[in-house]
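Have the model open while you read.

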Amino acid sequence: MPAYVGDGPPTYEAEPTGLPVADPDELRELVADTVLDGARYGTSTVRAASVRGDSARFRGEPRRDALLTARFGTGEDALVLVAMATGARATPGAHRAAADVCAWIGRAVGRSHARLAQDIRAARRGDLKSGLHRLTDRSLGKLRARAAELGLEPDEYTATLRCLLLPADPDCRTRVFFGVGAGGLFRLRGGEWQDIEPRTADATGEAVVGFGSPPPAETPDGDRLTMDLGITTPPSPYEPAPAPPRDPFRFRASVARPGDTLLLCSGGLAEPLRGEPELARHLTRRWAEGGPPGLAAFLADTQVRVKGYADDRTAAAVWEA
């Protein structure tokens with residue numbers, strides 16, 4: 001297994017050095033350097049990992065990426081969720097924001113899993129898109145509310161969010177991606193990588209609360225919103241507040257083929273995959289044949305380093321039998 005690919009070794013050491021500063025009264029907020037998980041349901045084998053980047057390891061900073069893997073329901077009616085988030089760079093609560101939004105989308109999906117599983121099996125794409133957009137909007141909107149509670153600007157307590165939904169039903173090969181923000185969605189098919197990330201121009205939804213859209217007057221359940229979500233008010237009619245950046249909701253439902261490998265990842269892995277061809281070739285050699293790797297092998301694959309790319313890496317790959 002190569003330690004790195006590309007034209008030279010990365011600047012930072014390959015193993016962790018400094019630990020983040022710990023608060024003795026807030027030990028529950030400590031974030032492990034590495035998280036690793038996996039499962040097999042239906043025709044799919046899942047591997048997932050989140051690793052602190054070389055830069056954060058060197059500086060003794062916490063991992064800004066968060067990863068959640070969860071199964072809701074039982075038997076063939078079960079639905080597997082993989083959610084990953086990346087907190088905003090250079091903000092002290094980035095790891096907490098990422099963990100919060102993963103927990104909130106997990107709770108929302110879990111409470112709606114039966115209907116979501118039915119929609120996936122019935123190929124009700126429109127219902128899925130609108131329903132998942134609504135759940136994403138709620139979850140990211142809560143980040144704005146939490147930012148206001150903490151006395152922070154919205155962009156100081158925010159995160160990207162990227163998710164996969166995998167039905168356990170072996171007769172259903174539909175795989176659903178949804179989310180907001182940077183990262184990558186790739187498919188290894190026939191020995192070739194395909195970049196299937198929905199483009200901004202092709203995004204299938206408006207901007208979500210927390211990423212530029214104004215808050216609704218009420219929730220989809222009819223509850224009035226009375227909390228100040230931290231929307232900046234212009235100081236005067238002559239000095240309008242600048243519009244916040246708009247990042248659209250992204251959605252893709254695709255049918256897997258036997259032998260496919262689907263890879264969802266944060267920007268920390270997507271950027272070197274797009275920028276260093278040797279990394280893509282390395283993963284092709286590792287994953288194109290021989291079935292899904294074990295957990296340790298998957299972790300080693302996703303940790304292969306590339307000079308110039310030192311961010312956290314979070315990845316979830318799905319092998320189709």
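Two strands count as paired if DSSP finds at least two bridges between them. By that rule β5 and β6 pair up, with 9 bridges joining them in an antiparallel arrangement. Keep in mind that this is a predicted model.

**Around β6**
- β6 is mostly covered, with 9 of its 9 residues buried.
- Ala159, Leu161, Cys163, Leu165 and Pro167 point one way from the strand, Thr160, Arg162, Leu164 and Leu166 point the other way, and all are buried.
- β6 also runs antiparallel to β7, joined by 5 bridges, and the two form a hairpin with 6 residues between them.
- Arg162 is a handy landmark here: Met84 stands opposite Arg162 in β6, and Arg162 in turn stands opposite Gly179 in β7.

**The largest nonpolar core**
- In soluble globular proteins, nonpolar side chains tend to be buried together.
- Here, the largest nonpolar core has 34 residues, and those with the most contacts inside it are Ile105, Val109, Leu116, Leu132, Leu143, Leu165 and Phe178.
- At least two residues of this core come from each of β4 (65-72), β5 (79-87), α2 (94-111), α3 (113-121), α4 (125-149), β6 (159-167) and β7 (174-180).
- The largest share, 8 residues, comes from α2.
- Take Leu116: leaving aside neighbours within four places in sequence, Leu116 is in contact with Leu79, Val109, Leu128, Leu132, Leu135 and Leu165.
- There's also a second, separate core of 21 residues, which includes Leu263, Cys265, Trp287 and Leu299.

**Around β11**
- β11 is largely enclosed by the rest of the structure, because 5 of its 5 residues are buried.
- Thr261, Leu263 and Cys265 point one way from β11, with Leu262 and Leu264 pointing the other way.
- β8 and β11 run antiparallel and are joined by 5 bridges; in this pairing, Arg187 stands opposite Leu262.
- β11 and β13 run antiparallel too, again with 5 bridges, and Leu264 stands opposite Ala316 in β13.

- In α5 (residues 267-275), the buried residues are Gly267, Gly268, Leu269, Ala270, Pro272 and Leu273.

Technical notes: Residues are numbered from 1 along each chain as its sequence is written. This is a predicted model: local features need pLDDT of at least 70, side-chain atom pairs count only at pLDDT 80 or more; totals for chains, interfaces and linings use all residues. Side-chain values use heavy atoms; hydrogens and water are left out. Buried means under 20% relative accessible area, exposed over 50%, partly exposed in between (1.4 Å probe, protein chains only). Helices (H or I, at least four residues) and strands (E, at least two) are DSSP runs, numbered from the N terminus. A nonpolar core is a set of buried Ala, Val, Leu, Ile, Met, Phe, Trp, Tyr and Cys residues joined through side-chain atoms within 4.5 Å. Contact means heavy atoms within 4.5 Å.
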